[in-house]
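Take the points in order and look up each residue as you go.

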Amino acid sequence: MTRSSMTWKTDEPFLLKPAYKDYLWGGDRLKTEYHKETDLSSLAESWECSTHPDGTSLALIDQNEIPLTEVLKRHPEILGTHPRTRDTLPILIKLIDAKQDLSVQVHPDDAYAKTHENGSLGKSEFWYVLEAEPGASLVYGFSQNVTKDQIRQGIADGTIQKYLQKVPVGRNDVFFVQAGTVHAIGKGIVIAEIQESSNLTYRLYDYNRRDRNGNLRELHVEKALDVLNLHSSAEPAQPMRLLRYQPGYASELLTRCRYFEVERILLNTVLSASVPYQTASSSFEVLMCIQGEGALEGENERITFQKGSTIFLPADSESMFLYGKAELLRTRC
């Protein structure tokens, strides 16, 4: 990122540096294909935009790395006027590389988390599939109605998978995972995940895997059973999506829920052309490049981006212009 010598203004966007997680099921594609620089031998997740205490992103401002929590503490106005942004950043954005299957798990909703997890947010989440190996699949809900006793027994004897609904996955697929839905990302999948700002995961089943110390990974069966939707889920069909074309780019709405809105932007300009870009006052925005490269340029700065880059745009930011050939995910409240 190149900036002038002037100090940062609160209407200027900035790049984010993620927090990294090396869970045992991770691979190396975030390093080799998404330009993530870390000494971790395997990289499961990069928390691209996060103020969660379990992993906080850094803001790259005036050649300094400043915790995003500190930037927002000093300048809460950059979050915007939307009710969900008044106190804190309400979302968390990740890249996830599943070299192996993730555990079968579930997340609580806001009401349960508030009561049982020290006032935390619950966790509903949205997945955009970036890469999927041939034959890749994920778990989404149960294939039939089940009881708590059936689930307990299935965990004990290793037969729980017969109740799980497996869904084939391809690149560019989308899934909204409501809190309470049993799920698991399958091996060979890379996704972008936009979620509530929460790190509450209740593991139901983990294939009897052991951690790096040789211990069986912890399960959270009783809490999971408290929040599970035990009814069968309809197989998630891919929604109808409509590309809207404008000079230099096309866009499509991927999801809109009470927590966030996600749009995909297909940018296709030449150096002599540009796309105007400006946020509204109601919400900050986050741009994450998932293919290609380009630049975001304003009066006093120019931010270049490539596959894997993430940019934070303050609410009511200065007028900017987008250039390049790239795909981006745009998230806001």
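1. A word on burial before anything else: a residue is buried when its relative accessible area is under 20%, exposed when that area is over 50%, and partly exposed in between (1.4 Å probe, protein chains only). E117 has a relative accessible area of 15%, so E117 is buried. We'll come back to E117 in point 5.

2. Some ground rules. You're looking at a predicted model, where local features need pLDDT of at least 70 and side-chain atom pairs count only at pLDDT 80 or more, while totals for chains, interfaces and linings use all residues. Residues are numbered from 1 along each chain as its sequence is written, and side-chain values use heavy atoms, with hydrogens and water left out.

3. Start with the sheet. Helices (H or I, at least four residues) and strands (E, at least two) are DSSP runs numbered from the N terminus, and two strands pair if DSSP finds at least two bridges between them. Six strands make up an open sheet, in the order β3-β4-β9-β16-β11-β14, and the pairing is antiparallel. At the edges sit β3 (19–21) and β14 (174–177), each of which pairs on one side only. On average, neighbouring strands of this sheet are turned by 20° against each other, direction ignored; the axes behind that angle are lines fitted to C-alpha atoms, for helices over the stretch in contact, and angles run from 0 to 180 degrees between N-to-C directions. Now zoom in on β9 (residues 91–98) and β16 (residues 189–196): these strands run antiparallel and are joined by eight bridges. To see one, find I93, whose bridge partner in β16 is I194.

4. Next, salt bridges: a side-chain nitrogen of Lys or Arg within 4 Å of a carboxyl oxygen of Asp or Glu. The whole structure has 24 salt bridges. In one of them, the side chains of E48 and K36 meet at 2.9 Å, N to O. E48 is in strand β4 (residues 45–49) and K36 is in the loop between α1 (29–32) and β4, so this pair ties together parts that are twelve residues apart in sequence. Are these two buried or exposed? E48 is buried, at 0% relative accessible area, and K36 is buried too, at 7%.

5. R74 and E70 have their closest N and O atoms 3.1 Å apart; the two residues are four apart in helix α2 (residues 68–74), which means about one helical turn separates them. R74 counts as exposed at 55% relative accessibility, while E70 counts as partly exposed at 28%. Then there's the salt bridge between the side chains of E117 and K223, at 2.8 Å, N to O. E117 lies in the loop between α3 (110–116) and β11 (125–132), and K223 in helix α5 (residues 221–227), so the pair ties together parts that are 106 residues apart in sequence. K223 is partly exposed, with a relative accessible area of 34%.

6. Which residues of helix α4 (residues 148–157) are buried? They include I151, G154 and I155. These residues cover an arc of only 100° around the axis, so they are on the same side of α4; the arc is that of the directions from the helix axis to the C-beta atoms. On the face turned away from the buried side, look for the exposed residues D149 and A156. The cover over the buried residues of α4 includes β12 (137–142), β17 (202–205) and α5, with contact meaning heavy atoms within 4.5 Å. Just after α4, G158 takes a positive phi of about 75°.

7. Last, the aromatics. Rings of Phe, Tyr and Trp (its six-membered ring) pair if their centres lie within 6.5 Å; planes under 30 degrees apart count as stacked, over 60 as edge-to-face and the rest as tilted. The whole structure has nine aromatic pairs. F14 and F312 have ring centres 5.2 Å apart and planes at 10°, so this pair is stacked. F14 is in strand β2 (residues 14–17) and F312 in strand β24 (residues 310–313), 298 residues apart, so the pair links distant parts of the chain. Both F14 and F312 are buried. Y23 and W25 make a tilted pair, 5.7 Å centre to centre with 40° between the planes. Y23 is partly exposed at 27% relative accessible area, whereas W25 is buried at 4%. One aromatic cluster is formed by W8, F14, F284 and F312.
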